[in-house]
Every structure is written in structure tokens, then in C-alpha cells.
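Here are some notes on the pockets, for use alongside the structure. Please read them with the sequence to hand.

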Amino acid sequence: MAGVKGQVQKRGVARRRAMVDAAIKLFAQQGVRGTGVAAIAERAGATPSALIHHFGSKDGLVQAVLEEADRRALERLSVPPDAEPTLDQAFDWFVRDAEHTAAAERELAALHTTLTAENLEPGSALHTWFRDRGRALRAQLNALFTRAAADGSARADLDPAVLATEVAAFIEGAHLLWLLDPDEVDLTAVHRGYFAGLAERLRI
């Protein structure tokens, strides 16, 4: 019985993954508002009722997709949740993430941008999710620059909060320009150049 139960659980995980992958593709192409549960289920080879069974609602599926995007990024970079990287480590992570995104994760990047644009107005669950995610990123960057100033690896007269906002704005803007014009914008090269220049600026 234990073996049968394990097989059932594996099939359930595989079905859930197929639904998330289908949602990523359709959300990136059509936006969340333009994509129905039935279309996602059909692409995943499932029924709408099976999708609702796994995620509770369309909003639950959207949340699962966003969480999956972040999970993939941390997994491929081998970044522990409580990591306190040096400047060089953090900048290397950003460049490697851009390299991977450009090579294999355009759909997730497009999804992130699409969902952000669809949820600029306060009051929705996704607006809160994106706002809090942005705040968390800036807080992590602020802590990174504060540590660097304290240990002497960066100038002490630079404002960590301003730098954190600058870096977050660069990342979002670079991804948007690349998504709009990938033939002209080299996402990896732009990241390498920016973070190399920022490292110099921080140490002058």
C-alpha cells in the first residue's frame, strides 16, 4: 500500500507541475486576466475541476506560479534563504541569473513583467505580493550595502537605501527593455557592465 500511495503522490506532483508550467506559458502570452482556467487545464492535459482541486482557485494558481518562479531562481543559484553574501557574490548571482533568464526563462520573465503591469493599482492580492516582494529585495540590498560599508569593502559615505532602490530599478528596467527588444538588448552583457561599474563606484 505504501508503494501505491507513493505513486499516487508522485502523479499528483507531476500533474501540479504540468498545470503550473501551462499557466506560466499562457499567462506570459495572454496575461492573467486574458487566460481562463479551462485553457490552462486543457494545455496541461487536465480538467478545470482537477486544477481547482490542486490550487483552490485561479488566484491560488497565480500565487503558485509566482512562488515557482522565485523557487527556480534560488535553486539554480544555490542561494540559501538566510545567505549574507559579499558584494562580489551578490553581483555574481545577479549576472548569472540574467544569463540563465536570457537563455531559458523568457516566459517567466515576461510573466513577471505582465503581472506587475496588471497589478499596479492597490487593493488586489497580487499588488500586495509584488509590493512586498519589491520591499524585501530592497531590504536585502540595503543590508548588503550596509554590511559592505561596515566591513570596509565599500565606501562608507554611500547611502545603502538609495543604492538598493537603484539596483532594483536597474534589474526591472533591464528585463523590460530586453523583453521588448531581445535582438538589440543583451541582458547578460548589460548586467555584467552595470555591476562591474557599480563595484568600481562603491570602492573608489
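What volume does the second largest pocket have?

1. The second largest pocket has a volume of about 290 Å³. The model is predicted, and this value, like the others below, is computed from it.

2. Lining of the second largest pocket. There are 15 lining residues, and those nearest the centre of this pocket are Thr 116, Phe 130, Gly 134, Arg 138 and Glu 172. Two or more residues each come from α6, α7 and α8. The largest share is that of α7, which supplies 7 residues.

3. By residue class, the second largest pocket is lined by 5 nonpolar, 6 polar and 4 charged residues.

4. The largest pocket. The space in the largest pocket comes to about 1,200 Å³. Its lining is made up of 38 residues, and Asp 70, Ala 73, Phe 94, Arg 133 and Leu 137 are the closest to the centre.

5. Elements around the largest pocket. Those giving two or more residues to its lining are α4 (58–77), α5 (87–104), α6 (106–118), α7 (125–151) and α8 (160–180). The helix α7 gives the most, with 9 residues.

6. Where to look when viewing the model. Helix α7 gives the most residues to the lining of the largest pocket, and α7 also provides the largest share of the lining of the second largest pocket. Arg 133 is among the residues closest to the centre of the largest pocket, while Gly 134 is among those nearest the centre of the second largest pocket.

Technical notes: Residues are numbered from 1 along each chain as its sequence is written. This is a predicted model: local features need pLDDT of at least 70, side-chain atom pairs count only at pLDDT 80 or more; totals for chains, interfaces and linings use all residues. Side-chain values use heavy atoms; hydrogens and water are left out. On a 1 Å grid over the protein atoms alone, a cavity is a set of points where a 1.4 Å probe fits but cannot get out, and a pocket is an open set with protein on both sides within 12 Å along at least five of seven lines; lining residues have an atom within 4 Å of a point. Grid points are joined across faces, edges and corners, and a volume is the space filled by probe spheres set on the points. Helices (H or I, at least four residues) and strands (E, at least two) are DSSP runs, numbered from the N terminus. Ala, Val, Leu, Ile, Met, Phe, Trp, Tyr, Cys and Pro count as nonpolar, Asp, Glu, Lys and Arg as charged, and the others, Gly among them, as polar.
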